[in-house]
Amino acid sequence: MTVMEGEEVDMFCGSCVLSEAPTYTWLRDGQVLASLEWTNQLLLEPARVDDMGTYSCRIKGHEATPSHSVRLTVTCAKIGWYLLVCVI
C-alpha cells in the first residue's frame with residue numbers, strides 16, 4: 001500500500017474469532033506498535049515517512065495464528081511543481 005505523506009491510513013485486523021473482550025496487537029516490522037481492546041482498527045493520521053514498514057496484527061489468545069501482512073510505503077508530499085519535502 002502506498003500513500004502520500006499527510007494522508008490518512010486505516011488498517012483493519014479481520015477475524016472469525018470472537019471473544020467477550022478481544023485485544024488486537026498491531027506490529028510494525030515485527031515490533032509491537034499498539035494493543036487495542038474492542039477495536040480492530042489502526043489509524044495513522046496523518047501518515048508520515050517514519051510510518052513506513054510491514055504491518056501485521058494478532059489477537060490475544062490466538063497469537064499462533066498469523067495474520068496477513070501489508071507493506072506501507074509513504075511518499076513525500078509535493079510542494080509547488082518540483083520541490084519534495086519529507087519530514088523525518
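Trainee: To what area does the accessible surface of the chain come, and what share of it belongs to carbon and sulfur atoms?

Mentor: Such areas come from the Shrake-Rupley method with a 1.4 Å probe, and for residues only the protein chains shown count as cover. Here the surface comes to about 6,200 Å², with 56% belonging to carbon and sulfur atoms. Before we go on, this is a predicted model, in which local features need pLDDT of at least 70, side-chain atom pairs count only at pLDDT 80 or more, and totals for chains, interfaces and linings use all residues. Residues are numbered from 1 along each chain as its sequence is written, and side-chain values use heavy atoms, with hydrogens and water left out.

Trainee: How many helices and strands are there in the chain?

Mentor: Helices (H or I, at least four residues) and strands (E, at least two) are DSSP runs, numbered from the N terminus. This chain has nine strands and zero helices.

Trainee: Which residues does the disulfide join?

Mentor: A disulfide is a pair of cysteine sulfur atoms within 2.5 Å. By that rule there is one disulfide, and it joins C13 to C57 with an S to S distance of 2.0 Å. C13 lies in the loop between β2 (9-12) and β3 (23-28), while C57 sits in strand β6 (residues 53-59), so the pair links distant parts of the chain, 44 residues apart. The link of C13 and C57 is right-handed, with 80 degrees about the S-S bond.

Trainee: Are C13 and C57 buried or exposed?

Mentor: Buried means under 20% relative accessible area, exposed over 50%, and partly exposed in between (1.4 Å probe, protein chains only). C13 is buried at 4%, and C57 is buried at 9%. Across the chain, buried residues make up 26% of the 88 residues.

Trainee: What does the side chain of D51 reach?

Mentor: A polar contact is a pair of N or O atoms within 3.5 Å; within protein, one must be able to donate a hydrogen and the other to accept it, and residues adjacent in sequence count only if both atoms are side-chain atoms. The D51 side chain reaches the backbone nitrogen of R48 at 2.8 Å. D51 is found in the loop between β5 (41-44) and β6, and is buried at 6% relative accessibility.
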